[in-house]
Amino acid sequence: MEFKEIYCNNCKKTLGRYNVRYFSDAKIAELIKSTHTTHYRNGHQISVRKTTK
């Protein structure tokens, strides 16, 4: 299965992992805006990376 992972480079931790089948790039962008805004506003660098398991 393929997942897209939202990762904070400053905290060195995964903020969320979402299945590629159910979450498009647009939905993941909405999730970053709605649930992970505190990291973004504090100046943290958030990246989206693709993982497989």
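**Exercise 1.** How many disulfides does the structure hold? Work from C8 and C11.

*Solution.* 
Step 1. The model is a predicted one. In this model, the cysteine sulfur nearest to that of C8 belongs to C11, 3.7 Å away.
Step 2. A disulfide requires two cysteine sulfur atoms within 2.5 Å. C8 is therefore in no disulfide, and C11 is in no disulfide either.
Step 3. The structure holds zero disulfides.

**Exercise 2.** Decide for C8 and for C11: buried, partly exposed or exposed?

*Solution.* 
Step 1. Buried means under 20% relative accessible area, and exposed means over 50%.
Step 2. C8 has 0% relative accessibility, so C8 counts as buried.
Step 3. C11 has 34%, so C11 counts as partly exposed.

**Exercise 3.** Which residues make up the largest nonpolar core? State where they come from.

*Solution.* 
Step 1. The core has seven residues: I6, C8, L15, Y18, I28, L31 and I32.
Step 2. α1 gives the largest share, three residues.
Step 3. In soluble globular proteins, nonpolar side chains tend to be buried together.

**Exercise 4.** Where is H36 found? Describe its surroundings.

*Solution.* 
Step 1. H36 lies in the loop between α1 and α2 (37-41).
Step 2. Its relative accessible area is 9%, so H36 is buried.
Step 3. Beyond four places in sequence, H36 is in contact with I6, L15, Y18, L31 and I46.
Step 4. H36 and I6 are 30 residues apart along the chain, with 9.2 Å between their C-alpha atoms.
Step 5. The H36 side chain also makes a polar contact, at 3.3 Å, with the side chain of T35.

Conventions
Residues are numbered from 1 along each chain as its sequence is written. This is a predicted model: local features need pLDDT of at least 70, side-chain atom pairs count only at pLDDT 80 or more; totals for chains, interfaces and linings use all residues. Side-chain values use heavy atoms; hydrogens and water are left out. A nonpolar core is a set of buried Ala, Val, Leu, Ile, Met, Phe, Trp, Tyr and Cys residues joined through side-chain atoms within 4.5 Å. Buried means under 20% relative accessible area, exposed over 50%, partly exposed in between (1.4 Å probe, protein chains only). Helices (H or I, at least four residues) and strands (E, at least two) are DSSP runs, numbered from the N terminus. Contact means heavy atoms within 4.5 Å. A polar contact is a pair of N or O atoms within 3.5 Å; within protein, one must be able to donate a hydrogen and the other to accept it, and residues adjacent in sequence count only if both atoms are side-chain atoms.
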